[in-house]
Amino acid sequence: MQLDLPLKDRPTFIYVSGPYAEGDTEQNVRDALDAAQALVDNGFVPFVPHLFHFWDAQIPGDTDQWMRLDFEWLLKCDAVVRLPGSDLGADREVIFARAHAVDVYDGIDNFLIEAFERRWARAST
């Protein structure tokens, strides 16, 4: 089977960072998925580390394993969207992103507004 994928432009990969273990874990996963869907709906390709929740439920790993994987994926992404709420892991992701010159946006709305302003500015020139 051959897939006809558009190869014109490289997609923009966005890392969704936000609360996971602090507070209601199930709601935190849902919030991350809602943000990811908003990204997909607007033409971006999200990475959602919260989905490791399901892997960990079947084959438990320790926090260091999940953070190591998070950091590797984060380096592949063009930007980070930090969802609201307190979480030490998400704070570590933001620190790591900034240390590696990956743009960090505070919330999905702020990211989408800036992304569309940039698109509009490019289209106007």
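**Aromatic pairs and the sheet**

Tyr15, Phe47, Phe52, Trp55, Trp66 and Trp73 form one aromatic cluster, where rings of Phe, Tyr and Trp (its six-membered ring) pair if their centres lie within 6.5 Å; planes under 30 degrees apart count as stacked, over 60 as edge-to-face and the rest as tilted. The model is predicted, so that local features need pLDDT of at least 70 and side-chain atom pairs pLDDT 80 or more, while totals for chains, interfaces and linings use all residues. Residues are numbered from 1 along each chain as its sequence is written, and side-chain values use heavy atoms, leaving out hydrogens and water.

By this rule there are nine aromatic pairs. Among them, Phe44 and Phe111 are edge-to-face, at 5.0 Å centre to centre with 70 degrees between the planes. Phe44 lies in the loop between α1 (25-41) and β2, and Phe111 in helix α5, so the pair ties together parts 67 residues apart in sequence. Phe44 is buried (under 20% relative accessible area, with exposed over 50% and partly exposed in between; 1.4 Å probe, protein chains only), at 7%. Phe111 is buried at 5%. The ring centres of Tyr105 and Phe111 are 5.1 Å apart and the planes stand at 80 degrees, so this pair is also edge-to-face.

Four strands form an open sheet in the order β2-β1-β3-β4 with parallel pairing; strands pair if DSSP finds at least two bridges between them, and helices (H or I, at least four residues) and strands (E, at least two) are DSSP runs numbered from the N terminus. The edge strands, β2 (45-47) and β4 (103-106), each pair on one side only.
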